[in-house]
Amino acid sequence: MRPHIAFWIVLLGLVCPQAPAENWPDFRGPTQDGHAQTSGLPLEFNENLNVTWKTPIHDRGWSSPVVWNDQVWMTTATAEGQELFVVAVHRETGEILHDIKLFDVETPQFSNALNSYASPSPVIEEGRVYVHFGAYGTACLDTATGRTLWTRRDLVCEHFMGPGSSPVLWNDLLIFHVDGADVQYVIALNKHTGDTVWKTDRSIDYSDMDPDIRKAYCTPLFTEVGGRTQMISVGAQGVMAYDPSDGTEIWKLRFDGFSNVPRPLVGHGMAFINTGYNKPSLLAVRLGGTGELGLDDIVWTLDKRVPARSSKLLIGDLIYMIHEGGVASCVEAKTGEVVWTERIGDQHSASPVYVDDRIYFFGQGGDVAVIAPGREFKLLARNRFKEGFMASPAVVDGTMFLRGEKHLFRVEFPKEARR
């Protein structure tokens with residue numbers, strides 16, 4: 001190569017930025033629906049195969065990892081909930097970059113054995129990560145230094161079984177649900193200061209209901225309806241759509257269900273809503289309505305093998321989901337007709353992801369089943385880890401960050417195999 005050509009190649013490398021790394025800012029990814037914008041993930045992997053590193057994460061937490069540039073963030077807590085932490089791991093090396101105790105809790109509330117005191121997932125953007133522990137506190141941190149920029153500890157509720165709802169970002173707002181056994185509302189904070197911008201009480205009268213059936217653990221979802229952004233927000237006994245700019249309720253649909261966990265999905269002009277515990281159902285609700293909706297706005301209902309914990313996937317015209325008992329289902333999105341059901345593993349709480357035309361399911365006992373989407377069930381691989389999974393993974397740049405009970409795993413093909 002001639003010297004002057006080499007000079008210009010080096011100079012272009014210095015002044016032209018490399019393609020930005022993919023990010024996973026939310027526990028369901030950049031599109032909030034479990035779809036990964038990448039390819040090249042291994043089909044087969046375990047603790048000794050296609051794992052670049054594994055990093056111990058101390059104590060206990062089911063929050064899903066979020067990724068921005070070279071950092072992976074998650075929360076953790078002592079088993080009894082007296083100390084609450086946020087941890088950042090270097091994306092490439094697995095090195096712990098930050099391990100920060102944010103809050104001490106003198107008297108934690110009771111938490112169900114299936115839950116943890118660090119179950120809500122963080123949400124992240126350039127330079128800032130936002131962490132939420134339900135009634136125990138919310139904080140914004142500088143991702144470079146780990147310095148806490150603001151906190152709120154006054155937004156309390158009686159979780160009854162522990163915290164679960166994750167925060168979301170919309171423009172300059174940090175929004176989350178406070179659906180306890182005592183109070184039920186949605187709140188938006190100024191993401192720069194932590195100050196309250198708006199707060200909207202749930203428009204359901206819970207006063208005559210048992211405290212247990214007033215609570216919910218769901219994370220909201222944004223969608224565009226008629227050129228207007230709506231925030232689909234599932235609470236106990238109903239789903240509401242709000243204007244995220246001011247918290248105004250746009251529509252509401254009542255149903256019988258509580259302790260709702262699965263995140264809603266939208267597609268084909270409908271919102272797909274899990275009703276939660278009691279008799280778990282999946283509702284297809286027609287979008288575009290206002291005020292109090294009724295039966296005419298429900299396109300179809302499914303009552304069999306509907307998950308109460310794990311969020312679902314919409315791929316084309318089909319919905320894929322897995323019941324906590326380990327039975328996966330494929331359902332017609334437009335009609336609710338069941339295409340197939342298949343038992344694929346043990347207990348499931350983590351949400352599946354869609355990567356490179358594959359669906360990955362993560363079991364509480366350590367099984368990871370991989371299937372091909374389609375109208376016929378096709379198992380592609382069954383992988384096994386020694387520790388189980390409650391958290392959903394983050395998937396970026398052909399790499400999966402998979403949080404087990406004790407470790408964070410980086411799953412990918414070895415670099416030499418990708419050349």
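**Exercise 1.** Which residues does Tyr185 touch, not counting residues up to four places away in sequence?

*Solution.* The model is predicted, so that local features need pLDDT of at least 70 and side-chain atom pairs count only at pLDDT 80 or more, whereas totals for chains, interfaces and linings use all residues. Residues are numbered from 1 along each chain as its sequence is written, and side-chain values use heavy atoms, with hydrogens and water left out.

Start with the element: Tyr185 lies in strand S12 (residues 184-190), a strand being a DSSP run of E with at least two residues, numbered from the N terminus. Taking contact as heavy atoms within 4.5 Å, Tyr185 touches Leu155, Val156, Phe176, His177, Val178, Asp179, Lys199, Thr200, Asp201 and Arg202. For Arg202, which is 17 residues along the chain from Tyr185, the C-alpha separation is 5.2 Å.

**Exercise 2.** Determine whether Tyr185 and Ser111 are buried or exposed.

*Solution.* Buried means under 20% relative accessible area and exposed over 50%, with partly exposed in between (1.4 Å probe, protein chains only). Tyr185 counts as buried because its relative accessibility is 7%. Ser111, in the loop between strand S5 (96-104) and strand S6 (123-125), is also buried, because its relative accessible area is 12%.

**Exercise 3.** Identify the residues with the most contacts inside the largest nonpolar core.

*Solution.* Such a core is a set of buried Ala, Val, Leu, Ile, Met, Phe, Trp, Tyr and Cys residues joined through side-chain atoms within 4.5 Å. The largest has 30 residues, and Tyr360, Phe362 and Met400 have the most contacts inside it. A second, separate core of 19 residues includes Trp73, Phe103, Tyr117 and Phe133.

Notes:
Helices (H or I, at least four residues) and strands (E, at least two) are DSSP runs, numbered from the N terminus.
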